[in-house]
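Please work through the exercises below with the sequence and the structure open beside you, and try each task before reading its solution.

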Amino acid sequence: RILILDFGSQVTQLIARRVRESGVYCEIWPFTASVEKIRAFGPRGIILSGSPASVHDANAPALPEGLFELGLPVLGICYGQQAMCQLLGGKVETHEHREFGRAYVDVAEPCALFHGVWHVGAREQVWMSHGDRVTALPPGFRAVAHSEGAPYAIIADEARKLYGVQFHPEVVHTPHGAALLRNFTHGVAGCKGNWTMASFRDLEMARIREQVCEGRVICGLSGGVDSSVAAKLIHDAIGDQLTCIFVDPGILRAGEAEEVVRTFRDEFNIRLVHRDASDLFLNALAGVTDPEVKRKTIGRLFIEVFEEEAAKLGGAQFLAQGTLYPDVIESVSFSGGPSVTIKSHHNVGGLPERMNMQLVEPLRELFKDEVRALGREIGVPERIVSRHPFPGPGLAIRIPGDITREKLDLLRKVDSIYLEEIRKAGLYDEIWQAFAVLLPVRTVGVMGDGRTYDQACALRAVTSTDGMTAEVYPFSFDFLNRVAGRIVNEVRGINRVTYDITSKPPGTIEWE
Ligand code: XMP
């Protein structure tokens with residue numbers, strides 16, 4: 001395993017992604033970690049991340065005291081390189097020649113990081129983003145590559161297995177970055193690279209059994225990827241000691257509730273409580289038009305109904321949650337000096353505390369695409385594993401204005417046609433999220449010889465990597481034309497279709 005010490009770079013998580021992709025388990029810890037804790041974790045090597053800070057800042061984030069006494073291989077990236085150099089007796093200066101973006105390094109000497117990737121004399125593309133740079137090496141180091149803005153672009157002390165790179169090997173704009181990292185983790189640090197989803201599954205099932213023993217676990221199931229994979233994994237580990245609770249709020253897409261029941265109860269033989277709470281939710285939402293009030297109402301009811309069902313079951317000591325790694329990483333932030341903030345990681349707002357239960361979180365070490373890989377490994381169907389994100393408040397935030405059963409039914413019909421055509425065209429996996437919105441607008445149309453005065457709908461499809469920013473998906477005109485034709489012909493009550501071409505920012509993905 002590898003430990004990544006985070007100094008607050010925006011892209012620290014990418015380092016972890018690259019390392020794990022090469023089959024090596026790693027964790028991200030804040031730079032404040034103590035050497036005792038690091039030793040207990042037992043990493044084969046340490047990677048120091050970049051940072052928005054400068055080593056010359058008054059309260060610059062410092063390396064853990066005694067880090068180098070551990071005798072472990074260390075790779076410093078950008079700020080990590082500078083902090084290492086400064087501590088070991090080199091020099092770091094702020095220079096007016098700042099480098100941001102694509103740059104080239106000239107490989108001057110052989111180095112373990114280059115094995116099988118870069119050769120002496122080659123000029124290689126990398127991604128730089130720095131103001132400070134190393135200007136004098138600590139004893140024992142040599143420079144093995146240079147760039148225009150960084151005479152010590154890559155440095156190495158091969159005897160002590162200490163390495164530093166001024167650029168960012170973790171971003172895709174450094175084409176051979178993943179291979180360089182692999183040379184550090186596998187070559188220098190000697191990791192075997194046998195961390196796979198199959199090995200994770202075995203380990204995690206054993207951990208679940210050990211934690212739960214003879215106890216009973218309840219798990220809220222939403223039909224989404226995370227709760228589905230968590231539930232299946234826990235069931236594989238402890239069988240009928242697990243009961244899932246599926247609350248149907250009446251604001252899901254067409255056929256979704258049936259699919260959850262069919263998959264989990266019939267296919268997986270998991271004990272499943274299916275509570276149809278649509279009356280309760282829709283009554284509470286009647287006349288509510290404010291999006292935030294919709295969200296709060298839905299969130300509150302979810303908890304109430306879940307607690308009610310859990311109480312009926314009685315006797316469970318454990319609550320399972322599909323918490324993911326990005327929610328539990330203690331993140332280093334830099335508003336007014338470095339600080340470590342721990343993100344709240346309870347998807348179901350305070351449920352575990354209120355219910356006085358212990359958490360079972362089998363996915364808390366995984367990134368989203370690792371959860372998908374695990375899901376495939378344990379036989380969760382592809383239609384669930386590769387599913388687009390769906391918001392907790394469901395269709396309620398895709399109907400601006402108040403919500404009624406009639407409107408929901410209308411939207412479900414439009415949405416199904418749209419998604420069916422997307423799947424038929426083989427586009428589903430290229431899109432981050434695609435859905436329809438029912439607009440609170442009536443417009444005039446003609447149908448046959450008659451005049452219509454019906455509702456309009458909007459279609460939305462975006463690409464994204466994390467939902468924070470999004471681009472409109474560029475459907476062909478033929479495709480849009482075909483979908484619109486089907487919708488106005490097949491859905492009575494809709495006579496106009498528009499395509500939303502707003503990116504995020506300034507738009508959001510959802511309309512509410
Ligand atoms: P926006 O609309 O803010 O959405 O661009 C970004 C991502 O978050 C989802 N989303 C939600 N998910 N509860 C959720 O569980 C919500 O209230 C909520 N609002 C937006 C949205 O679908 C997209 O994936």
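The exercises that follow concern a predicted model, and each task is followed by a solution in steps.

**Exercise 1. Confidence and overall layout**

Task: Find what average pLDDT the chain has, and say over which residues the pLDDT is below 50.

Solution: Begin with the chain as a whole, which averages a pLDDT of 94, with 97% of the residues scoring at least 70. Then look for the exception: over residues 343-348 the pLDDT is below 50, although this stretch still has 12 contacts in the model beyond near neighbours in sequence. Where pLDDT is low, the predicted coordinates should not be read in detail. For the complex, the predictor gives an ipTM of 0.99 and a pTM of 0.87.

Now turn to the layout. The C-alpha trace of the chain spans about 85 × 60 × 40 Å along its principal axes, and the chain holds 15 helices and 20 strands. Of its 512 residues, 40% count as buried. Among contacts between residues at least 6 apart in sequence, 73% join residues at least 24 apart.

**Exercise 2. Domains**

Task: State which domains the assignment gives, and how many residues domain 2 and domain 3 each bring to their contact.

Solution: The domain assignment divides the chain into domain 1 (2-188), domain 2 (197-384) and domain 3 (405-499). Next, take the C-alpha centres of domain 2 and domain 3, which lie 30 Å apart. The contact between them takes four residues from domain 2 and five residues from domain 3. Sorted by class, the side of domain 2 that touches domain 3 has three nonpolar residues, one charged residue and no polar ones.

**Exercise 3. The nonpolar core**

Task: Determine how many residues the largest nonpolar core has, and which helix gives the largest share of it.

Solution: The largest nonpolar core has 138 residues, and those with the most contacts inside it are Val217, Cys219, Ile234, Cys244 and Val414. Its largest share, eight residues, comes from helix α6 (residues 225-238). To see one of these residues in its surroundings, take Val414, which touches Ala436, Cys457, Ile487, Val491 and Ile494 when residues up to four places away in sequence are not counted. As background, nonpolar side chains in soluble globular proteins tend to be buried together.

Continue with Leu408, which lies in helix α14 (residues 405-424). Leu408 counts as buried because it has 23 C-beta neighbours inside 10 Å, the cut-off being 20 or more. Leaving out residues up to four places away in sequence, Leu408 touches Ile251, Leu395 and Ile403. Leu408 and Leu438 are 30 residues apart along the chain, while their C-alpha atoms are separated by 8.6 Å.

**Exercise 4. Checking a helix**

Task: Work out what span helix α4 should have at 1.5 Å a residue, and name what covers its buried residues.

Solution: Helix α4 (residues 177-188) has 12 residues and should therefore span 16 Å, and its end C-alpha atoms are 15 Å apart, which agrees. The buried residues of α4 are Gly177, Leu180, Leu181, Arg182, Asn183, Phe184, Thr185 and Val188. What covers them includes β1 (2-6), α1 (12-21), β3 (45-48), β4 (74-77) and β9 (162-165). Just after α4, Gly190 takes a positive phi of about 75 degrees.

**Exercise 5. Backbone exceptions**

Solution: Most residues other than glycine have a negative phi, and most peptide bonds are trans. Cys78 has a positive phi of about 55 degrees although it is not a glycine, and its place is the loop between β4 and α3 (79-88).

Note on methods. Residues are numbered from 1 along each chain as its sequence is written. This is a predicted model: local features need pLDDT of at least 70, side-chain atom pairs count only at pLDDT 80 or more; totals for chains, interfaces and linings use all residues. A nonpolar core is a set of buried Ala, Val, Leu, Ile, Met, Phe, Trp, Tyr and Cys residues joined through C-beta atoms within 7 Å. A residue is buried if 20 or more other C-beta atoms lie within 10 Å of its own, exposed if 12 or fewer, and partly exposed in between; C-beta atoms are placed from the backbone. Helices (H or I, at least four residues) and strands (E, at least two) are DSSP runs, numbered from the N terminus. Two residues are in contact if their C-beta atoms, placed from the backbone, lie within 7 Å. Domain bounds come from an automatic or database domain assignment. Ala, Val, Leu, Ile, Met, Phe, Trp, Tyr, Cys and Pro count as nonpolar, Asp, Glu, Lys and Arg as charged, and the others, Gly among them, as polar. pLDDT is the predictor's confidence in each residue, from 0 to 100. The expected span of a helix is 1.5 Å times one less than its number of residues.
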